[in-house]
Amino acid sequence: MTSSAMPTPDAAVTSGASASWPEVNLHVVSGKGGTGKTTVAAALALELARHGRRTLLVEVEGRQGIAQLFDTPPLPYEERKVAVAPGGGEVYALAIDAQDALLDYLESFYNLRRAGSALRRMGAVDFVTTIAPGLRDVLLTGKAIEVVRRKEKHASDAYDAVILDAPPTGRITKFLNVNSEMSGLAKAGPIHKHADLVMSVIASPQTAVHIVTLLEEMPVQETIDGIADLRDNSLPVGGVIVNMTRPPVLTDRELAMAAKGTLPPAAIRSSLERAGLAAHENEILPALMREASDHSQRVALERREMTRIEELGLPTAVLPLLADGVDLGGLYELAELLGEAGLR
Ligand SMILES: Nc1ncnc2c1ncn2[C@@H]1O[C@H](COP(=O)(O)OP(=O)(O)O)[C@@H](O)[C@H]1O
Ligand SMILES: [Mg+2]
């Protein structure tokens, strides 16, 4: 990735479409595993920071993906600055751990940190967060919401936006729907009230849930199902990010010919000659024809999947597969594309 992809501060302030969600304080990024949730969450945080926002990138899966991406040591349960964008906005990161979140909760609601430490030594914290997955989720989302709510309290450690690198599509509704998760566990009392408070932020226009997908059948189907599920549960759907796309290497006309096996052999032969491969023409020519046909099928499939995504009628960003992998320069490139699509 070239550093020329990094925008100048002036360009950063003036470039890009207007934001799709100016009112959103909590961006939740989900998607099928491996589609690029962590990468997109980080790029979104950078894009918001590029526009001068103070952002917090939150991880809840304990994978330390954010630390790896920003090339910093593993994140503690503590907000750490990981980048300053051109434009002056800062990106902080936090890895939320259910056990630490429980101790945090005990301290802020009951002033019980010391008791909490004793509970941890006894293994009770481990026990509680393991036996009650619903409780685990409400602790994780609860911590994220605590950070989001600092803004309305005008706290000095508030953020303009919190970006949550969330669990995959298959689990996202359950993860966010802490109220129904908790209903069997705590019908009344402080945990129930806490869950209500968490829900009042998550199910409000302050939140947007974005889904990352690839242009393949399975992740697109998961995206469609996931969005239906979020809507059924009245959770606020944001946009779709189509990640790791590759441009077709043939023109539409060539693709059509490749699909029918009618690419002109003479043209391919002369290309092979120019490449000094004329001697191997008999082996290479049929293989190339097959590859062109495969390519045309892949492009056709991707176009069908793209149509299905467009039919969702949601703000959509299309991000390229970065040939050199995702480094900081690459992240800025993706960030800018998110901004141009209005996805910020
Ligand atoms: N646009 C992209 N171009 C190239 N590689 C990408 C892109 N997006 C993600 N990746 C790579 O794909 C892998 C999975 O991405 P990651 O963000 O960790 O996905 P997830 O969080 O959904 O599991 C990582 O190795 C990441 O660097
Ligand atoms: Mg990840």
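This is a predicted model: local features need pLDDT of at least 70, side-chain atom pairs count only at pLDDT 80 or more; totals for chains, interfaces and linings use all residues.
Which helix and which strand each supply at least two residues of the shell around ligand 1?

**Figure 1. The shell around ligand 1 draws on helix 2 and strand 7.** Helix 2 spans residues 37-50, and strand 7 spans 237-245. Each supplies at least two residues of the shell. Helix 2 gives the most, with three residues. The residues around the ligand are Gly34, Thr35, Gly36, Lys37, Thr38, Thr39, Asn243, Met244, Pro320, Leu321, Leu322 and Val326. By class, the shell holds six polar residues, five nonpolar and one charged.

**Figure 2. Polar atoms of Gly34, Thr39 and Pro320 approach ligand 1.** A polar side-chain atom of Thr39 sits 2.6 Å from an oxygen atom of the ligand. Gly34 uses its backbone: one of its polar backbone atoms is 3.1 Å from a ligand oxygen atom. Pro320 also takes part through a polar backbone atom, 2.9 Å from a nitrogen atom of ligand 1. Taken alone, ligand 1 exposes 560 Å², and the protein buries 72% of that.

**Figure 3. Helix 2 crosses helix 15.** Helix 15 covers residues 328-340. The two axes come within 8 Å and cross at roughly 70°. Angles of 65 to 115 degrees count as roughly perpendicular, so helix 2 is roughly perpendicular to helix 15. On the helix 2 side, the contact is made by Thr39, Val40, Ala42, Ala43, Leu44, Leu46, Glu47 and Arg50. Helix 15 brings Leu328, Leu331, Tyr332, Leu334, Ala335, Glu336, Leu338 and Gly339. The contact divides into eleven nonpolar, two polar and three charged residues. Thr39 belongs to this contact and also to the shell around ligand 1.

**Figure 4. Helix 11 packs with helix 14.** Helix 11 runs over residues 217-232, helix 14 over residues 281-310. Their axes lie 10 Å apart, at an angle of about 5°. Angles under 35 degrees count as roughly parallel, so helix 11 is roughly parallel to helix 14. Glu217, Val220, Gln221 and Ile224 in helix 11 face their partners in helix 14: Leu301, Glu305, Arg308 and Ile309.

Methods:
Residues are numbered from 1 along each chain as its sequence is written. Chains are lettered from A and ligands numbered from 1 in the order in which they are written. Side-chain values use heavy atoms; hydrogens and water are left out. A residue is near a molecule or strand if one of its heavy atoms lies within 4 Å of it. A polar contact is a pair of N or O atoms within 3.5 Å; within protein, one must be able to donate a hydrogen and the other to accept it, and residues adjacent in sequence count only if both atoms are side-chain atoms. Accessible areas come from the Shrake-Rupley method with a 1.4 Å probe; for residues, only the protein chains shown count as cover. Helices (H or I, at least four residues) and strands (E, at least two) are DSSP runs, numbered from the N terminus. Ala, Val, Leu, Ile, Met, Phe, Trp, Tyr, Cys and Pro count as nonpolar, Asp, Glu, Lys and Arg as charged, and the others, Gly among them, as polar. Axes are lines fitted to C-alpha atoms, for helices over the stretch in contact, and angles run from 0 to 180 degrees between N-to-C directions. Angles under 35 degrees count as roughly parallel, over 145 as roughly antiparallel, 65 to 115 as roughly perpendicular and the rest as oblique. Contact means heavy atoms within 4.5 Å.
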